[in-house]
Amino acid sequence: MPFKAPRGTVDIMPVEQGYWRYVEGVAAQVCRLYGYQRIDTPIFEETSLFARSVGESTDIVEKEMYSFQDRGGGGLTLRPEGTAAICRAYLEHGMHNLPQPVRLHYLGPIFRYERPQAGRYRQHQQLGCEAIGEQDAAVDVEIVNLAWRFLHRLGLGNLVLYLNSVGCPRCRPGYLVVLKDHYEPHLASLCPECRTRFHRNPLRLLDCKKDSCQPVADGAPPMLDYLCDSCAPHFQVVREGLEMLGIPFQSNHRLVRGLDYYTKTVFEIQPGGGGAQSTIAGGGRYDGLIEELGGRPTPGVGFATGIERIILNLKSQGVALPNPHASPIFVAYLGEAARRDALKLLEDLRQGGIAAVSAFGDRSLKAQLRQANALGVSHTLILGEEELKTGTVLLRTMAQGKQERVPREAVLSVAREGSLPLRGD
RNA sequence: GUGGGCGUAGCCUAGUGGUUUAAGGCGCCAGGUUGUGGCCCUGGAGAUCGAGGGUUCAAAUCCCUCCGUCCACCCCA
């Protein structure tokens, strides 16, 4: 095997495409319903955009970015997440002049240099939605709601929504002092990672899954008790909004996220079974991000979902795909004269909007039918010398093994009347 | 970056030192006489046994290194 797909990447084979078309279709539909317009940003951006937004001390920036120099010498990076680029585009195109909030969604590849494992790839697809320019907590509710409805409309069930607030620059510093005070006496019993976190990124202490750190983390004072007079009511409105919409959630004071830009609301959605790499959607508010990127203070809130993980769950939950694609018609021919006419027939069918394929080369009728069967086609058109003479074709219905002779020029209308499958896509 | 499992044809698997010129199943191609698939039968193509090095008279089989893959940690979608 001379070449293989690079580590952590996969080919999405034709048999998988049904899932992808389905998820993309539902995404487009739901985004339209909620008024989130599509935007496509470049696959790569200036490296500093991500360093600035995601946070210098995050894992993503420290060790997971695909960065490179282009021939002009500039530092570029394959996007490791979606929000930063959306905010950049918001600024670049003066979208603050549009009615606020600006609702956008994107769908495309994300790149992170990580060790691959179940549900984790170096290139994967994310669908993300962002609402920029409105600080009302009702927008947080809309975003969570959108994520929740999207996953449910796909047919996923047994999902758990975790919710928290990580405060803002006004209240978080005070909380971190309290948090460190809580951890300080237990430093010796913590895992090595947590001892590092204590100094570098204390909020992440709460995220540790090591057994040794659980008691200390569980006993930590909740951020919610230290929210300021802006964040506390904001969170309350979010909770009430979700309750009003009938969206169940679990408040989880240990939910923090690995990107530095989050403020106030953060949330994750996981399948009930739990397990590693289980988060299928995550997001939150990022009120300081646009300003950090050089814009005027502008609030924002959004989420992203991983399509591969969604599909993993669609499969494990046995969600059936609607519209299994209509099979094409197979055209079989016998002899050189019929071959030429078959090519014409093939094209007539296709021009008429009917999917059609044939075998090529000098194959026996038996071989051609064998192939038609293997392809799972519903109908086969057979053209031989007899048919050429009489200006007809044989229409064979594969499942019944029955066939009828129809006039050559009637083939298209027979197909249109519905006895032959019209091509879906 | 750390730890563990695994790497034999497109896919699944047998073979753990000489009976292997590497076997079987699926799939693919062809045939089973005149222009007819699905079942069955027969035949065929297809493998540098992940790569490199070493031990040995002899290696898919033992040792080392590397690579890949899967799972877990970390982190995240």
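A crossing of two helices is right-handed if the near helix is turned clockwise from the far one by less than a right angle, and left-handed if anticlockwise. Keep that in mind for the exercises below, which all use this predicted model.

**Exercise 1. Describe how helix α5 packs against helix α9.**

Step 1: Start with the general idea. Two packed helices are described by the angle between their axes and the distance between the axes.

Step 2: Find those two values. The axes of α5 (residues 137–153) and α9 (residues 231–244) come within 8 Å, and they cross at roughly 45°. That makes α5 oblique to α9, because angles from 65 to 115 degrees would be needed for roughly perpendicular and under 35 degrees for roughly parallel.

Step 3: The crossing in which α5 passes α9 is right-handed.

Step 4: List who meets whom. From α5 come Ala137, Asp140, Val141 and Val144, and they meet His234, Val237, Val238, Gly241 and Leu242 of α9. Sorted by class, the residues of this contact are six nonpolar, two polar and one charged.

**Exercise 2. Work out how α1 and α11 are arranged, and compare the classes of residue in their contact.**

Step 1: The axes of α1 and α11 (residues 307–316) come within 10 Å and cross at roughly 110°. The two helices are therefore roughly perpendicular to each other.

Step 2: Here, too, the crossing is right-handed, with α1 passing α11.

Step 3: In α1, look for Tyr19, Trp20, Tyr22 and Val23; in α11, their contacts include Ile307, Ile310, Ile311 and Leu314. The contact has eight nonpolar residues, two charged ones and no polar ones.

**Exercise 3. Is Tyr36 buried or exposed, and what does Tyr36 touch?**

Step 1: Locate the residue. Tyr36 sits in the loop between α1 (17–34) and β1.

Step 2: Check its accessibility. Tyr36 has a relative accessible area of 2%. Buried means under 20%, so Tyr36 is buried.

**Exercise 4. Which strands stand at the edges of the eight-stranded sheet?**

Step 1: Write down the order. This open sheet runs β1-β5-β6-β11-β10-β9-β7-β8, with mixed pairing.

Step 2: Read off the ends. β1 (37–38) and β8 (250–251) are the edge strands; each has a single partner strand, so one side of each lacks a neighbour in the sheet.

Step 3: Zoom in on one pair. β9 (residues 263–271) and β10 (residues 281–285) run antiparallel and are joined by five bridges. Thr263 stands opposite Arg285 of β10.

**Exercise 5. Describe the three-stranded sheet and the helix that packs on it.**

Step 1: The order is β2-β4-β3, an open sheet with antiparallel pairing. β2 (44–46) and β3 (66–69) are the edge strands, each pairing on one side only. From one strand to the next, the twist averages 35°.

Step 2: Four bridges link β3 to β4 (residues 75–78), and Gln69 has Gly75 in β4 as its bridge partner.

Step 3: Helix α2 (residues 47–54) packs on this sheet and touches β2, β3 and β4, with its direction at about 80° to that of β2.

Definitions and conventions
Residues are numbered from 1 along each chain as its sequence is written. Chains are lettered from A and ligands numbered from 1 in the order in which they are written. This is a predicted model: local features need pLDDT of at least 70, side-chain atom pairs count only at pLDDT 80 or more; totals for chains, interfaces and linings use all residues. Side-chain values use heavy atoms; hydrogens and water are left out. Axes are lines fitted to C-alpha atoms, for helices over the stretch in contact, and angles run from 0 to 180 degrees between N-to-C directions. Angles under 35 degrees count as roughly parallel, over 145 as roughly antiparallel, 65 to 115 as roughly perpendicular and the rest as oblique. Contact means heavy atoms within 4.5 Å. Ala, Val, Leu, Ile, Met, Phe, Trp, Tyr, Cys and Pro count as nonpolar, Asp, Glu, Lys and Arg as charged, and the others, Gly among them, as polar. Two strands pair if DSSP finds at least two bridges between them. Buried means under 20% relative accessible area, exposed over 50%, partly exposed in between (1.4 Å probe, protein chains only).
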